[in-house]
Amino acid sequence: MIEVRCKCPAPSKLAESTVGKRFRCPNCGELFHIVAGETIADGAGSGDFNSSLTVIAGPILAGTTFLIGGTAEIQIGKLADRNINLPGENVSRQHCKLVRVESRPSRWKIVDNNSTNGVYVNQVRVREQELKSGDEIDLGDYELKYSIIVPLKSATNMRPITTPSMGSPIMIIAAAMLGAPQEVPPAGGGSFGALRRTDATESAGA
């Protein structure tokens with residue numbers, strides 16, 4: 001199970017099958033997306049996904065938290081099949097990637113894929129750099145913050161509720177009553193976290 005921490009006192013636990021999907025907490029309203037570069041086997045997510053990227057500002061997705069885990073590279077760009085899809089005029093198709101440095105504890109570095117507008121960590125342009133909790137990252141039209149989440153000793157098992165659309169008030173009310181994170185559809189109807197791994201030799205131009 002994957003432990004999900006939001007603004008609420010008690011964390012949630014979601015199945016590994018939720019990788020590539022996004023959910024909204026019915027209590028605090030935070031939107032979070034479980035991201036990995038590969039399929040995670042049942043039980044393999046326990047103790048992982050304790051690093052996150054939160055969109056501080058951008059044309060869309062502001063306030064969204066990406067929980068990142070797994071061992072494969074996580075691709076970021078404006079192409080719809082990126083693990084983290086960031087649509088924007090100044091975001092390259094295959095802008096950059098996150099590469100796992102260490103599993104326990106979770107450590108990641110960010111690597112620029114020769115993007116047109118570059119990768120900035122704490123306002124300094126970098127080719128690649130290991131991330132520290134609190135680092136601010138600028139990718140084209142987006143400002144993000146990297147955090148390492150301190151796990152709690154216990155978490156509540158919560159069953160995510162899948163809704164066909166955000167316009168279903170009965171399902172939304174049911175999710176709130178159960179205290180379960182509610183799955184929401186992709187922004188703008190596009191892909192939001194495909195699990196496809198990308199060949200590093202592909203072009204990374206804008």
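## Salt bridges and a buried asparagine

The side chains of Glu128 and Lys109 form a salt bridge, with N and O 2.9 Å apart. This pair connects distant parts of the chain: Glu128 sits in strand β13 and Lys109 in strand β10, 19 residues apart. The model is a predicted one.

How exposed are the two partners? Glu128 has a relative accessible area of 44%, so it counts as partly exposed. Lys109, at 24% relative accessibility, is also classed as partly exposed. The cut-off for buried is under 20%, and exposed means over 50%.

A further salt bridge joins Glu130 and Arg107; their closest N and O atoms are 2.7 Å apart. Glu130 belongs to strand β13 (residues 128-130) and Arg107 to strand β10 (residues 107-112), so this pair ties together parts that are 23 residues apart in sequence. Glu130 is partly exposed because its relative accessibility is 33%. Arg107 is partly exposed as well, with a relative accessible area of 32%.

Asp81 and Arg82 make another salt bridge, with 2.9 Å between the closest N and O atoms. Asp81 counts as partly exposed at 25% relative accessibility. Arg82 has a relative accessible area of 0%, so it is buried.

The whole structure holds six salt bridges. The table lists the pairs described above.

| Salt bridge | N to O distance |
|---|---|
| Glu128 and Lys109 | 2.9 Å |
| Glu130 and Arg107 | 2.7 Å |
| Asp81 and Arg82 | 2.9 Å |

Where does Asn85 lie? Its place is strand β8, which covers residues 84-85. Is Asn85 buried or exposed? It counts as buried, because its relative accessibility is 10% and the limit for that class is under 20%.

Which backbone atoms does the Asn85 side chain reach? One is the backbone oxygen of Lys78, at 3.1 Å. Another is the backbone oxygen of Leu79, and that distance is 3.1 Å.

To recap, strands β13 and β10 are linked through Glu130 with Arg107 and through Glu128 with Lys109.

Conventions. Residues numbered from 1 in each chain as written. Predicted model: local features only at pLDDT ≥ 70, side-chain atom pairs only at ≥ 80, totals over all residues. Heavy atoms only, no water. Helix = DSSP H or I, 4+ residues; strand = E, 2+ residues; numbered from the N terminus. Buried < 20%, exposed > 50% of the residue type's maximum accessible area, 1.4 Å probe, protein only. Polar contact = N/O pair within 3.5 Å; in protein donor to acceptor, adjacent residues only side chain to side chain. Salt bridge = Lys/Arg side-chain N within 4 Å of Asp/Glu carboxyl O.
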